[in-house]
Amino acid sequence: MGQQELIRNKLSEVISAGLSAASISKVTNISNVDLSRFKNRQINLIDSDLEKLQKYLELTQIPISI
């Protein structure tokens with residue numbers, strides 16, 4: 001599985017857990033449209049955006065339960 005696909009899966013996981021694509025877009029400066037198209041396998045991100053998204057997702061923690 002390639003780097004794009006690994007990050008795409010992590011993005012889907014984080015969004016499914018409740019973090020909005022809009023908030024990810026705001027922090028990473030990747031357009032909401034590009035994030036949506038990336039998540040839906042319509043595009044691949046350029047290396048700089050992929051790196052920003054990967055760093056953001058590595059720092060993101062979604063609580064499973066409280």
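Contact here means that heavy atoms lie within 4.5 Å of each other. The structure is a predicted model, and a search of the whole of it finds five salt bridges.

- The side chain of R8 makes a polar contact, at 2.8 Å, with the side chain of E5.
- When neighbours within four places in sequence are left aside, the residues in contact with R8 are F38, K39, R41, I43 and N44.

- T60 is found in the segment that comes after helix α4, a helix made up of residues 47–59.
- The relative accessibility of T60 is 16%, so T60 counts as buried.
- From its side chain, T60 reaches the backbone oxygen of Y56 at a distance of 2.7 Å.

**A salt bridge between separate parts of the chain**

- R41 and E5 meet through their side chains in a salt bridge, with a distance of 2.5 Å from N to O.
- Because R41 lies in the loop between α3 (32–39) and α4, while E5 lies in helix α1, this pair ties together parts that are 36 residues apart in sequence.

**Salt bridges within a helix**

- The side chains of E13 and K10 meet in a salt bridge with an N to O distance of 3.7 Å, and both residues lie in helix α1, three residues apart, which is about one turn of the helix.
- K10 has a relative accessible area of 30% and is therefore partly exposed, since that term covers the range between under 20% for buried and over 50% for exposed.
- E51 forms a salt bridge with K55, in which the closest N and O atoms are 3.4 Å apart, and both of these residues lie in helix α4, four residues apart, or about one turn of the helix.
- Both partners of this pair are partly exposed, with E51 at 44% relative accessibility and K55 at a relative accessible area of 49%.

Terms used:
Residues numbered from 1 in each chain as written. Predicted model: local features only at pLDDT ≥ 70, side-chain atom pairs only at ≥ 80, totals over all residues. Heavy atoms only, no water. Polar contact = N/O pair within 3.5 Å; in protein donor to acceptor, adjacent residues only side chain to side chain. Helix = DSSP H or I, 4+ residues; strand = E, 2+ residues; numbered from the N terminus. Buried < 20%, exposed > 50% of the residue type's maximum accessible area, 1.4 Å probe, protein only. Salt bridge = Lys/Arg side-chain N within 4 Å of Asp/Glu carboxyl O.
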